[in-house]
Amino acid sequence: MRRKTSARLGLSAFLLAAACAGTALVPAAAADPGATTSDSDKALASDGLLRAMERDLGLSPAAARERLTDEKQAVKVERTARKAAGAAFGGSWFDAGSGRLTVALTGRGAAADVRETGADVRFVEHSAAKLDAAKVRVDKLAKKVKAPEGVASWRVDAKANRVVVDVVEGHRADNDVTSFLERVRGTAPVRVDTVPEGPSTFAAGTVGGDPYYTGNVRCSIGFSVQGGFVTAGHCGQAGAGVRGWDNSNIGSFQGSSFPDNDYAWVSVGNGWWTVPVVLGWGTIPDRLVKGSAEMPVGTSICRSGSTTKWHCGNLLAKNETVNYSGGAVVHQLTKTSVCAEGGDSGGSFISGDQAQGVTSGGWGNCSSGGETWFQPVNEILQRYNLRLHTA
C-alpha cells in the first residue's frame with residue numbers, strides 16, 4: 001500500500017499488515033508472489049516462524065512443526081465435526097498436548113459420528129447455542145446497568161461449559177462488581193476468573209517507526225482489501241484522513257465502529273495500492289495472505305504490529321465481550337496470549353497464510369507478557385461488503 005514513487009521500493013515497502021503479527025508498517029523482505037504450493041507449505045514452518053514459536057511458546061523446532069501440522073488438520077476436522085454434532089454441539093477446542101480437536105456434546109447420539117471425523121468427544125450439560133444465548137443476555141444486562149470497570153470481560157468458554165466472567169485482581173469485593181456478578185448469575189451459568197490488569201486499546205500518540213497516522217494517533221494496518229485496508233475502529237472515525245509512514249496522504253476512513261465493535265476500513269489512493277502481504281519484520285519471511293479460514297480455540301496464532309513487530313501465542317477464546325478502561329464495551333472479540341503495545345492497534349493476526357483479525361486491545365506488554373483481543377476479519381468483510389485481497 002505504499003506509493004510507487006516512495007524512496008522505499010518493492011513489496012517490502014508496502015503499508016500493510018496481516019494476522020500472525022500485530023501491526024505492520026515497516027519494510028521487510030516480501031514473500032515471493034510466484035511461490036509454489038510446496039514453497040508455501042515450507043514457508044508456514046520457516047526458520048523465522050519456528051524461532052518465534054520457540055521464543056513465545058517454548059516449543060522446539062520439531063515440536064513447532066508438529067503443532068502446525070496438527071492445527072492445520074484441526075481446522076478441517078472442526079468443520080465436519082460441527083456438522084456431525086448438530087444441535088448437540090457444545091463447542092470445540094484444540095488440545096496442544098494431544099494434537100487433537102475436542103468437541104463437546106450434550107448427548108451421546110452423535111458421539112460415534114463425531115469421533116469418525118477424527119475429533120475427541122467430551123459430554124457437557126449446556127449446548128453452544130444455549131451458552132451463546134446466555135452470553136447475549138449478559139451483554140444486554142451490561143448495557144442496561146453498565147458493567148463496572150473492575151469487570152474486564154466475559155465470554156462463552158466451551159471447555160468450562162460456562163459463561164466465564166473475568167474480574168480485575170483486587171476488585172472482586174467491590175460493591176459494584178459483586179452486584180453485577182449477582183445479576184449475571186441470574187441470567188447464565190457462570191464461572192468467575194481473575195485477571196491481573198484491566199484491558200485497554202493499543203493506539204498511541206505520534207512516534208517514530210513505520211505506521212499509519214490519523215490526527216495525532218498512530219495505529220497499524222491490518223489486511224489489504226480491494227480498494228483499501230481494514231484496521232481497528234478506535235483508530236479513527238469515518239471521514240478522518242489517513243497518512244502513511246512518509247506522512248503522505250493514503251486515503252480516509254470510509255467506515256468505522258467503536259465501541260460495541262472495533263473495526264474500520266480505509267480507502268487507498270494517491271499513488272498507494274494494496275497487496276496481500278503481512279510483514280514479518282525480519283523475524284520471518286513476509287506472509288502472503290491466501291484466505292481467512294477461522295482457527296479453533298487452542299491453536300497457535302501470530303501478530304504483526306508497527307510497535308512490537310512479530311509475536312506469537314495461543315488463541316484462548318472467541319466471542320468475548322471486553323470492558324475497556326473508560327467504559328468502552330466491545331463485543332465478539334477473540335482473545336489470545338499474544339502480547340502487544342501502544343501503536344499495535346489495528347494490526348494483523350494471522351495463522352499460516354489465513355487472515356484472522358485486527359488488533360483491538362489488551363493488557364500487559366511484550367516485556368512482561370499479557371493478553372490481547374482482536375476483531376475477527378470475516379465480520380469486518382461482511383459488515384462493509386469488502387473482499388479480502390488474497391494471493
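Q: What makes a residue count as buried in this predicted model?
A: Its relative accessible area has to be under 20%, while exposed means over 50%. By that cut-off, 57% of the 391 residues of the protein count as buried.

Q: Which residues of α5 are called buried?
A: In α5 they are A128, L131, A134, K135, V138, D139, L141 and A142. Buried means under 20% relative accessible area, so each of these eight names falls below that mark.

Q: How do you know that the buried residues of α5 line one face of the helix?
A: Look down the axis of α5: the buried residues fall within an arc of 165°, so they sit along one face. On the other side, A129, K140, K143 and K144 are exposed.

Q: What covers the buried residues of α5?
A: The cover includes strands β1 (89–95), β4 (151–157) and β5 (162–168), plus helix α6 (175–185). Also among the covering elements are β19 (309–323) and β20 (329–336).

Q: Why does the span of α5 agree with what you'd expect of a helix?
A: Helix α5 runs over residues 128–145, which makes 18 residues. At 1.5 Å a residue it should span 26 Å, and its end C-alpha atoms are 26 Å apart, so the two values agree.

Q: Which residue follows α5, and what is its phi?
A: That's K146, with a positive phi near 65°.

Q: How many helices and strands does the protein have?
A: Seven helices and 23 strands, α5 being one of the helices.

Conventions:
Residues are numbered from 1 along each chain as its sequence is written. This is a predicted model: local features need pLDDT of at least 70, side-chain atom pairs count only at pLDDT 80 or more; totals for chains, interfaces and linings use all residues. Side-chain values use heavy atoms; hydrogens and water are left out. Helices (H or I, at least four residues) and strands (E, at least two) are DSSP runs, numbered from the N terminus. Buried means under 20% relative accessible area, exposed over 50%, partly exposed in between (1.4 Å probe, protein chains only). The expected span of a helix is 1.5 Å times one less than its number of residues. The arc is that of the directions from the helix axis to the C-beta atoms. Contact means heavy atoms within 4.5 Å.
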